[in-house]
Amino acid sequence: MAVSAPSDAALQDFRRWLSSQGADTGSVAPAVVPEGLGLVAARDLPRGEVVAEVPKKLWLDADAVAASDLGRVCGSGGVLRSWVSVSLLILREAARGGDSLWAPYLAILPRQTDSTIFWSEEELLEIQGTQLLSTTMGVKEYVRSEFDNVEAEIINANKDLFPGTITFDDFLWAFGVLRSRVFPELRGDKLALIPFADLINHNGDITSKESCWEIKGKGFLGRDTVFSLRTPMEVKSGEQYDLDKSNAELALDYGFTEANSSRDSYTLTLEISESDPFYEDKLDIAELNGMGETAYFDVVLGESLPPQMITYLRLLCLGGTDAFLLEALFRNKVWEHLELPVSRDNEESICQVIQNACKSALAAYHTTIEEDEELLEREDLQSRQQIAIEVRVGEKKVLEQINDIFKEREQELDDLEYYQERRLKDLGFIGDNGDIIFWES
């Protein structure tokens with residue numbers, strides 16, 4: 001289990017609380033499931049049926065902060081980021097115990113999951129070399145900086161609101177609650193934690209991107225705002241009601257992975273170097289085509305390279321005799337030209353750049369793919385060990401796939417058609433087979 005399950009008594013209290021506060025949850029019920037806690041259908045549910053409606057008074061959001069005794073210190077003018085103020089609200093309400101409106105809900109929340117933000121230093125060594133490690137450390141550093149600010153300015157300065165000790169671990173827990181339980185579309189300034197609706201778990205079988213919820217008006221003249229939840233697919237009685245969540249978030253946000261090759265990915269970060277003599281021109285071209293100085297491309301195992309990745313790479317490596325394409329004369333057409341091979345030198349450069357980057361990344365891992373696959377066959381693996389191994393073996397497989405794509409491409413350089421040849425064909429100087437066309441007088 002990624003989380004510890006609440007007691008039956010706590011679940012009963014939570015159900016009674018929802019009912020007493022006007023939430024409509026007749027079609028699904030919170031229950032203990034293999035993941036810890038989830039929503040289980042009380043009857044067969046067709047796709048698109050509304051299964052729950054949660055009134056706004058139960059949401060933990062900026063309005064709830066403003067209406068609480070925290071409102072006077074968090075400020076109504078957006079002094080704090082939404083997630084910071086809602087995290088403080090969660091901690092404040094948890095400290096109030098049974099006096100809190102949200103006490104039955106807070107009582108069922110896990111104190112920790114297998115999310116990598118909760119791993120020890122020793123456990124983090126298992127993901128050495130992975131992108132997940134750098135992302136995890138970056139997230140924790142960001143949360144730490146926000147905590148340092150609010151600890152001095154709000155927590156320690158308002159002991160009437162926070163009479164007990166609030167540690168960084170407490171703040172990280174509240175952050176983890178929001179990160180794992182808030183719907184992606186309800187983040188940023190619109191951040192809202194919706195009790196009951198947040199119990200939906202991940203299901204890899206759901207591939208629909210259609211939204212399965214909406215915020216709507218209800219009651220007299222639609223004045224009462226509710227969060228309305230509907231099924232994204234048919235659900236049988238006794239089955240979980242789940243949502244699909246992206247693989248990039250699984251280990252960091254939820255503390256699990258899927259043994260599914262389509263979930264293995266690696267993010268390639270490409271950047272126009274400021275030391276490039278054509279930096280300004282390349283940046284201008286990138287921005288004209290909806291990109292920037294830095295571009296991120298998610299490569300998925302078994303799938304083709306992301307659109308525009310090779311185009312952006314050709315721009316990065318453009319130089320030498322190909323630099324004429326950077327002139328203002330070509331500005332509106334250059335991206336179109338870059339969608340096809342420019343020259344042998346340029347194409348060879350992008351192949352070498354990517355292969356060198358892949359080899360460098362692979363060298364940072366402390367195990368091989370074969371060693372990891374042997375480890376996964378062990379039956380005594382702890383949950384966090386399994387997460388670490390599945391993440392790093394997936395990343396390495398994707399890196400090898402990328403490397404193989406560009407290695408194969410490098411071997412085909414002599415067979416590609418480049419800009420100059422295409423241009424001569426357009427002008428009628430060479431034929432489709434590459435032969436020079438002569439005109440007789």
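1. Buried here means under 20% relative accessible area, exposed over 50%, and partly exposed in between (1.4 Å probe, protein chains only). The model is predicted: local features need pLDDT of at least 70, side-chain atom pairs count only at pLDDT 80 or more, and totals for chains, interfaces and linings use all residues. Residues are numbered from 1 along each chain as its sequence is written, and side-chain values use heavy atoms, with hydrogens and water left out.

2. Helix H13 covers residues 344–363; helices (H or I, at least four residues) and strands (E, at least two) are DSSP runs numbered from the N terminus. The exposed residues Asp345, Asn356, Lys359, Ser360 and Ala363 are on the face of H13 turned away from its buried side. Buried in H13 are Asn346, Glu347, Ile350, Cys351, Ile354, Gln355, Cys358 and Ala361. These cover an arc of only 165° around the axis, which puts them on the same side of H13; the arc is that of the directions from the helix axis to the C-beta atoms.

3. What covers the buried residues of H13? The cover includes strand E10 (265–271), helix H11 (309–317) and helix H15 (383–411). Lysine 396 is in helix H15 and counts as buried, at 2% relative accessibility. Leaving aside residues up to four places away in sequence, lysine 396 touches Leu362, Tyr365, Thr367, Thr368, Ile369 and Asp372, where contact means heavy atoms within 4.5 Å.

4. The structure holds twelve aromatic pairs. Rings of Phe, Tyr and Trp (its six-membered ring) pair if their centres lie within 6.5 Å; planes under 30 degrees apart count as stacked, over 60 as edge-to-face and the rest as tilted. Tryptophan 83 and phenylalanine 175 have ring centres 5.1 Å apart and planes at 70°, so this pair is edge-to-face. Tryptophan 83 lies in helix H4 (residues 82–95) and phenylalanine 175 in helix H8 (residues 168–181), so the pair ties together parts 92 residues apart in sequence. Both residues are buried. Ring pairs link Trp83, Tyr142, Phe147, Phe168, Phe171 and Phe175 into a cluster.

5. Arginine 144 lies over the face of phenylalanine 168, at 3.9 Å from the ring centre. The charged end of arginine 111 sits over the ring of tryptophan 173, 4.0 Å from its centre. The criterion is NZ of Lys or CZ of Arg within 6 Å of the ring centre and within 35 degrees of the ring normal.

6. In strand E3 (residues 50–55), five of the six residues are buried. Five bridges join E3 to strand E8 (residues 224–230), and the two run antiparallel; strands pair if DSSP finds at least two bridges between them. Valine 54 stands opposite phenylalanine 227 in E8.

How values were computed
The expected span of a helix is 1.5 Å times one less than its number of residues.
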